[in-house]
Amino acid sequence: MPPFIRTGGMPKNFTCWWIWGCPPIEALRAGTSVDAELLGIQDKLGTLESGKLADIVVIPGDPIQNIRQVEKVIFVMKEGVIYPQ
């Protein structure tokens, strides 16, 4: 499996932001749509919409109810290919 697929430290960052007081939805936005806006690439990345590039991360449960779910990646879909974790 290519090394860029592994979920590394980003999931732990979401949890840390939550521990430090950031609501889960804002932590998730900070790592997706907000980053894309800051980089000026929101027309291509940052949200899951038709016509945009996207990697999909599948986790068990709702990260808004329990942000730690982002640490339990089941698989990543990149360019239509599923990579089990």
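Is Cys16 buried, partly exposed or exposed? Cys16 is partly exposed, at a relative accessible area of 30% (buried is under 20%, exposed over 50%, partly exposed in between, with a 1.4 Å probe and protein chains only).

1. Basis. This is a predicted model, in which local features need pLDDT of at least 70 and side-chain atom pairs count only at pLDDT 80 or more, while totals for chains, interfaces and linings use all residues. Residues are numbered from 1 along each chain as its sequence is written, and side-chain values use heavy atoms, leaving out hydrogens and water.

2. Cys22 is partly exposed, with a relative accessible area of 23%. The structure holds 0 disulfides (a pair of cysteine sulfur atoms within 2.5 Å).

3. Aromatic contact. The count comes to 1 aromatic pair (ring centres of Phe, Tyr and Trp, the last by its six-membered ring, within 6.5 Å; planes under 30 degrees apart are stacked, over 60 edge-to-face, the rest tilted). The ring centres of Phe14 and Trp17 lie 5.6 Å apart with planes at 75°, so this pair is edge-to-face. Phe14 and Trp17 are 3 residues apart in helix α1, and therefore separated by about one helical turn (helices are DSSP runs of H or I, at least four residues, numbered from the N terminus). Phe14 is buried at 9% relative accessible area, whereas Trp17 is partly exposed at 27%.

4. Surface patch. Ile19 belongs to helix α1 (residues 10–19) and is exposed, with a relative accessible area of 51%. Together, Trp18, Ile19 and Trp20 form a nonpolar surface patch of about 390 Å² accessible area.

Conventions: Patches are made of residues with over 30% relative accessible area and no salt bridge: like charges are joined within 9 Å, nonpolar side chains (Val, Leu, Ile, Met, Phe, Trp, Tyr) within 5 Å. Accessible areas come from the Shrake-Rupley method with a 1.4 Å probe; for residues, only the protein chains shown count as cover. A salt bridge is a side-chain nitrogen of Lys or Arg within 4 Å of a carboxyl oxygen of Asp or Glu. Helices (H or I, at least four residues) and strands (E, at least two) are DSSP runs, numbered from the N terminus.
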